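Hello,

Here is the structure I promised to pass on to you. Have a look at it first, and then read on for my notes on what turned up.

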Amino acid sequence: MPNNLAIRLRQNIPFVTALALFCVIYSLYHLAHPKGFSSAVLVQNGNEVFTLAMVAMAQTVPVLMGGLDLSVGALMTMVDCFASYLLSGAAEGTPLSLDLAGLHLTLGTLPGGMAGIGLGMIICLAIGTLAGLVNGAVVVYGRIQPIIATLATGAIYIGIALFLRPQPGGKIDDDLNWAMTNSLGDFASTAHIFDDGAAPWFTPFAWIPVPFVLLAVIALVVWVPFRRSVTGRAVYAIGSAEGAAYMSGLNINRAKIVAFTLGGFFAACGGLFLAIETSSGNADIPQAGAYTLNSIASVVIGGTSLLGGTGGAVGSIFGALILRVISFFFRIFDIAPLLQPLFEGIILLAAVSIGALRVLRVKNTLELFR
Amino acid sequence: MTAAAGADFLVLSGISKRYGGVRALDNVDFRCARGQIHAVLGENGAGKSTLIKIIAGVVPPDAGELRLDGTLRAFSNPAAAAVAGIVCIFQELSLMPDLSVADNISILTPPRRFGMIDNRAQRRRAEALLAEVGCEDVNPLLRVRDLPLSRRQMVEIAKALGQKPQLLILDEATSALTRADVEKVYALLARLKMENVAILYITHRMHEVEALADRASVFRNGRHIETFDKGARSTAEIVQLMIGRDIATQYPPKPARPRPAPALKIENLGWDNRLAGISLDVGAGEVVGLGGLDGQGQRTLLLALFGVLRGVSGRVTVNGRAVRPGSPAQAKMREIGIALVPEDRKTEGLMLPMSVTDNLAIASLPSLSTGPFVDGGKEKRAVDAAISRLRIRVAANSDAVSTLSGGNQQKVVIAKWLMTEPRIILLNDPTRGIDVGTKQELYRLVRELADQGAAVLFYSTDYDELIGCCDRVAIMYDGRILRELAGDDLNETNIIASALNIEPGAGAADAGKAADA
């Protein structure tokens, strides 16, 4: 029914706007780039955007509920530091030990080879998910507002990261780094699948960068089912009208905990990729803060209301893309990087203003202050 | 298990509930049966809302027990009550505005496919339920936010229906509906009755009781007064049961004098389908009451006069000059001079963590300042004067206003506005939740302010107060002024009859006779 399509479109104006904006500026970028529309440029962009896109998705879930998560950048950094120990892929295996308060604890040995790498990635994602669960538990059972609860837990996560990596360092398996941060063709030849990437049916897709594929897969396999689960809808319901959600008999506490846990998982994906991409772990505090703030900006640009209830993680991916593409422009037009925050700020302001237009329709001005 | 019609489904015994010092329900016994529509009647504050909240698991009772089909139950939250088949349609809607109609209707138990919500099946389910309540015109994909209020209420009813209720509770569910929709709801209730559902119907509308109810129960001051079958009591008798007898309160004498020239003149004021054709005069030195049932537009009218609402039509004159304040900041300016003591003192009246001084001075800072700076000496003198004038009990002026008792907090709100020396004083239920002693002080103060030349518009949910304090009372119904009562016509029987929109002649006179008997 065309009528229903029109309704859907009207309800998703912020998202559609973000999508259109991204298409326009990204096309302009490629037109202006000397090697525009090449796989090499796409791969580079994909690597630069993946971590922020994941952290933005992580931020989206609490924001939909009407909260903010200030720990996403720190959580991502913590997982990054863990990964720098667990993904070395050393053939003889990786001995794991912990020196804490004069004690030397031996935690066993991570097996070598692919099995070890796979296990290491699972452990990294589990740590991040657990940290998200902690966030949710503190918010729900501590009855603390998300913004202050996650400010505190974020400091703890960055503290753990610093404990793990007082200086940048660590090592990531070279093949893993190569396979994850290049095109699908490179992935296939490294993994020795699809005739090393030469299978005739595969070659038309060989140019696609792995990070973009990962983003699409995570969005489709994790986010979409969550969005269409009862708990996922409860998250939207809480952000829309928490009282009404409670009165409708929804399980508010469970939804909140799941929301933060899912955020932890998304941020962990980002941290894992950052470690693989940089082949090291770095407990970089300013970088963690920048990721948190940019994640909020991405969420807003992507069409999710900070008041909660409307939007989604796919929009946030495009929000992150827009934010990054703006910075790509500075490279090709050779504009001083110092001007970058200024332009990013203007774009953010413009995006937020669109969301504020609804205020003009409010007839009872007292409602503006509730 | 299907019990026969007429069998008791819900039995409450000895239910009590207190909120602070207020006894909302006092040792209430109540039962309602399957296959019956049971009306619950009572004045504002009679305890009806608390009763529903306890049945629906929103608040736990302090004492007493609740049985369903003979089994003792205690619900810790609305979800538990919903599982037991108790479904409530609340006055404040329980819809999530950002979710679609289909999402809202199936919020608890959506149809699923491969573990995920099946959007198509959910939409069909919504369409079917909307058709059942006669609302085929609502597209289930629309967001609730984009529907008009009357449609939202119908969606709420469809949502309740989808939960397959054993006991359906409707709290003033028809108040926002159009006449055509009301007919549809009546037909639906009749059908549910045939299907052996127990229905509790809370209403203020007498004609609804006559049209719908099989039985009716009257509540007053938190007590269950009487339950009777359809036709056992006349409308007048029911009104009398609702009024009961009240403790006499002392009110200051009203001066007998001709009606003064209007200081505030409202002509044909309207706003957003919520207020229409309102014309009212308030003279200098006059106290005019606003009465009627809760939520008939009284608060909205006060907000419109105070410049809070956008798009107000009609004409407002203050001392002969047409005014149209665009904000409270403009409304309080000396040329207009309107003050509003708002509905909720904790959120709209006071900045709770700030000091008594700060709260008192906040509305009149321009006159207490020299240039951009607040003049500490001026401020202190003005605040001290206000405190002694209203006899506000404070330990130190620098204490946070949250440390004061409810009555003293309300005095701070009133004193804060008196410091702006207003000509027009709008009071929004100023005695709600404060003790009897402070109430009497406020009554004297209101009269004193009028005697000094202020025009006072006084909204109260307490009819007794309106009779005792006001020279005239305008009764509002459905966003309009239904009737103005003054002199000997200003009595409780007339107020209630007007508030319930019963024909002025017959019902009111009968009720008066019953009151004398």
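This is a predicted model: local features need pLDDT of at least 70, side-chain atom pairs count only at pLDDT 80 or more; totals for chains, interfaces and linings use all residues.

**Two loop residues with positive phi**

B:Arg391 sits in the loop that runs between helix H13 (376-390) and helix H14 (406-418) of chain B. Its phi is near 50 degrees, which is a positive value in a residue other than glycine. You will find B:Glu421 in the loop between H14 and strand S21 (424-428) of chain B. B:Glu421 counts as exposed, because it has 12 C-beta neighbours inside 10 Å.

**Chain A on its own**

Chain A has 16 helices and two strands. Its radius of gyration is 21 Å, close to the 21 Å that the globule rule gives for 370 residues, so chain A is as compact as a globular protein of that length. The C-alpha trace of chain A spans about 70 × 55 × 45 Å along its principal axes. Of the 370 residues in chain A, 46% are buried. Taking contacts in chain A between residues at least 6 apart in sequence, 74% join residues at least 24 apart.

A:Ile25 gives you one example to click on. This residue lies in helix H2 (residues 13-32) of chain A. Once its neighbours within four places in sequence are left aside, A:Ile25 is in contact with A:Ile322 and A:Val325. The C-alpha atoms of A:Ile25 and A:Phe329 are separated by 9.1 Å, although the two residues are 304 residues apart along the chain. A:Ile25 is partly exposed, because 17 other C-beta atoms lie within 10 Å, a count between the 12 or fewer of an exposed residue and the 20 or more of a buried one.

**Where the chains meet**

How many residues does each chain bring to the contact? There are 27 residues from chain A and 28 residues from chain B. On the side of chain A that touches chain B, the elements giving two or more residues are helix H1 (2-11), helix H11 (230-240) and helix H12 (242-247) of chain A. H11(A) gives the most, with five residues. By class, the residues on this side of chain A are 12 nonpolar, 11 polar and four charged.

**The domains of chain B**

Chain B is divided into domain 1 (9-85 + 165-233), domain 2 (96-164), domain 3 (262-337 + 422-516) and domain 4 (355-420). The centres of domain 1 and domain 3 of chain B, taken over C-alpha atoms, are 31 Å apart. Five residues of domain 1 of chain B are in contact with five residues of domain 3 of chain B. The domain 1 side of that contact has one nonpolar, three polar and one charged residues.

**Strands in chain B**

One open sheet of chain B has six strands, in the order S18-S21-S22-S15-S23-S24, with mixed pairing. Strand S18 (338-341) and strand S24 (480-486) of chain B stand at the edges with a single partner strand each, so one side of each has no neighbour in the sheet. From one strand to the next, the twist averages 20 degrees. Helix H17 (residues 492-499) of chain B packs on this sheet and touches S15, strand S23 (472-477) and S24 of chain B. The direction of H17 makes about 170 degrees with that of S24(B).

Within the sheet, strand S15 (residues 287-291) and strand S22 (residues 455-459) of chain B run parallel and are joined by four bridges. B:Leu290 is opposite B:Tyr459 in S22(B).

There is another parallel pair to look at: S6(B) and strand S9 (residues 167-171) of chain B, over four bridges. Here B:Val87 stands opposite B:Leu168 in S9(B). Strand S6 (residues 86-89) of chain B is covered on both faces, with B:Ile86 and B:Cys88 buried on one side and B:Val87 and B:Ile89 buried on the other.

Best wishes, and happy browsing!

Technical notes. Residues are numbered from 1 along each chain as its sequence is written. Chains are lettered from A and ligands numbered from 1 in the order in which they are written. Two residues are in contact if their C-beta atoms, placed from the backbone, lie within 7 Å. Ala, Val, Leu, Ile, Met, Phe, Trp, Tyr, Cys and Pro count as nonpolar, Asp, Glu, Lys and Arg as charged, and the others, Gly among them, as polar. Two strands pair if DSSP finds at least two bridges between them. Axes are lines fitted to C-alpha atoms, for helices over the stretch in contact, and angles run from 0 to 180 degrees between N-to-C directions. Domain bounds come from an automatic or database domain assignment. The radius of gyration is taken over C-alpha atoms; the globule rule is 2.2 Å times the number of residues to the power 0.38.
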